[in-house]
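Hi,

Here is the structure I said I would pass along.

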Amino acid sequence: MAQAIEEWYKQIPIITRSYLTAAIVTTVGCSLDIISPYNLYLNPRLVMKQYQIWRLVTNFLYFRKMDLDFLFHMFFLARYCKLLEENTFRGRTADFFYMLLFGASVLTGIVLIGGMIPYVSASFAKIIFLSNSLTFMMVYVWSKQNPFIHMSFLGLFTFTAAYLPWVLLGFSVLVGASPWVDLLGMIAGHAYYFLEDVYPRMTGRRPLKTPSFIKALFTDDNVVVAQPNNYNYTFESALFHLVNAWREYLASFYCCDIANNAELYGSDNEHSTGQDHVGAYHDRARAKNYPEEIVTMVMTMTMTMLVTIVKKLEKRGLISEL
């Protein structure tokens, strides 16, 4: 059991593992009275006048009491933060760290500005720990990146991931928790989603480009393969060359006459796709009355190998456009 937990812990990506460890250590330390929460909470006056800068960070590490709510947020942190770092930000650790830094900055700014607005300043003054909001921000970003995944809430009803933040917000209201914490996370998450995904598609500009000094802190081991000068593969051209390598094998298998290339490729062979080439062999094999099982088997095997090879070339940088 201990070994399984250790293996699971080692497999967590670096940012998620670091944040999860710091949150658990801080919360457990406060529960055992080793650390005082009064030294951790966000207090703008102490930050500005007494230079207690650490409060800008520590307020994101303390998750209040170790109760059911704490377990829920640890689950959200371990699951959705890990999914984001492993999938959406795979190979982009610096970008993921910058997303967390942006979210923390937006949340802190909202609380500070809200504390100066009449009529709502009292509500914002009660928000002294933003750890739950930052966790909810990651849930929101993940839901935007994976909107069509089907989910179930406590086995009661199913929904798509796009509605996950709203389902959790409604659950928080039902159990009597303040909706402000979740709403702040949704605001920060939507701000990141708009500036990182929507705005660049609209204008072609990316305002949240990760600074170079943050990228220098993280070294992602990307495989780089040298390419000849002035040589650029695209997905269709790669498939074209791969199919050319396979067509002799297919032709010999079906006893086709490969001398008649015009019949297969036509006059515009540079723009035809691999599926058209293999489909032509499929039709010719049918015309010769070969068994359907053999035709299906070879076509499936061929297309599977083509896709596998193309994916490997893409990962190694030999294909620039997919």
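Asn-132 is buried, because its relative accessible area is 15% and the cut-off for buried is under 20%. This is a predicted model, by the way, so please read everything below with that in mind. Asn-132 sits in helix H8. Leaving out residues up to four places away in sequence, Asn-132 touches Phe-63, Asp-69, His-73 and Val-181.

The next residue to look at is Ser-133, which also lies in helix H8. Ser-133 is buried, with a relative accessible area of 0%. Not counting residues up to four places away in sequence, Ser-133 is in touch with Leu-107, Val-181, Leu-184 and Gly-185.

What about H8 as a whole, is it mostly covered or mostly open? Mostly covered: 13 of its 15 residues are buried. The helix covers residues 131-145, and its length checks out. At 1.5 Å a residue it should span 21 Å, and the end C-alpha atoms are 22 Å apart, so the two values agree.

Now the pocket, which I guess is what you will open first. How much space lies in the largest pocket? About 950 Å³. Its lining is made up of 35 residues, and Asp-69, His-73, Ser-172, Ala-177 and Asp-182 are the ones nearest the centre. Two or more lining residues come from each of helix H5 (68-88), H8, strand E1 (150-153), helix H9 (164-174) and helix H10 (179-203). H5 has the largest share of that lining, with eight residues. Two of the residues nearest the pocket centre, Asp-69 and His-73, turn up again among the contacts of Asn-132.

How many cavities of 30 Å³ or more does a search of the whole structure find? One, and the space in the largest cavity is about 30 Å³. Asp-95, Tyr-98, Met-99, Tyr-192, Glu-196, Arg-206, Leu-208 and Thr-210 line it. Helix H6 (93-114) and H10 each supply at least two residues of this lining, and H6 gives the most, with three residues.

Ala-162 is in the loop between strand E2 (157-160) and H9. Its relative accessible area is 34%, which means that it counts as partly exposed. Apart from neighbours within four places in sequence, Ala-162 is in contact with Ser-143 and Pro-147.

Most residues other than glycine have a negative phi. Which way does phi go at Asp-33, positive or negative? Positive, at about 60°, although Asp-33 is not a glycine. Asp-33 is in the loop between helix H2 (14-31) and helix H3 (44-49), and it is exposed, with a relative accessible area of 68%. Tyr-51 is the other case: phi is positive there, at about 55°, and this residue is not a glycine either. Tyr-51 belongs to the loop between H3 and helix H4 (55-58). With 63% relative accessibility, Tyr-51 counts as exposed.

On the cysteines, the disulfide count comes to zero. Cys-30 counts as buried at 6% relative accessibility, and Cys-81 counts as buried at 1%.

- The chain has 15 helices and two strands.
- Of its 322 residues, 39% count as buried.
- Among contacts with a separation of 6 or more, 65% are between residues 24 or more positions apart.
- The accessible surface is about 19400 Å², and 61% of it belongs to carbon and sulfur atoms.

Cheers

Methods. Residues numbered from 1 in each chain as written. Predicted model: local features only at pLDDT ≥ 70, side-chain atom pairs only at ≥ 80, totals over all residues. Heavy atoms only, no water. Helix = DSSP H or I, 4+ residues; strand = E, 2+ residues; numbered from the N terminus. Buried < 20%, exposed > 50% of the residue type's maximum accessible area, 1.4 Å probe, protein only. Disulfide = S-S within 2.5 Å. Contact = heavy atoms within 4.5 Å. Areas by Shrake-Rupley, 256 points an atom, 1.4 Å probe, with all protein chains shown as cover. Expected span 1.5 Å × (residues − 1). 1 Å grid on protein atoms, 1.4 Å probe; cavity = no way out; pocket = protein on both sides within 12 Å on 5 of 7 lines; lining within 4 Å. Points joined across faces, edges and corners; volume = space filled by probe spheres on them.
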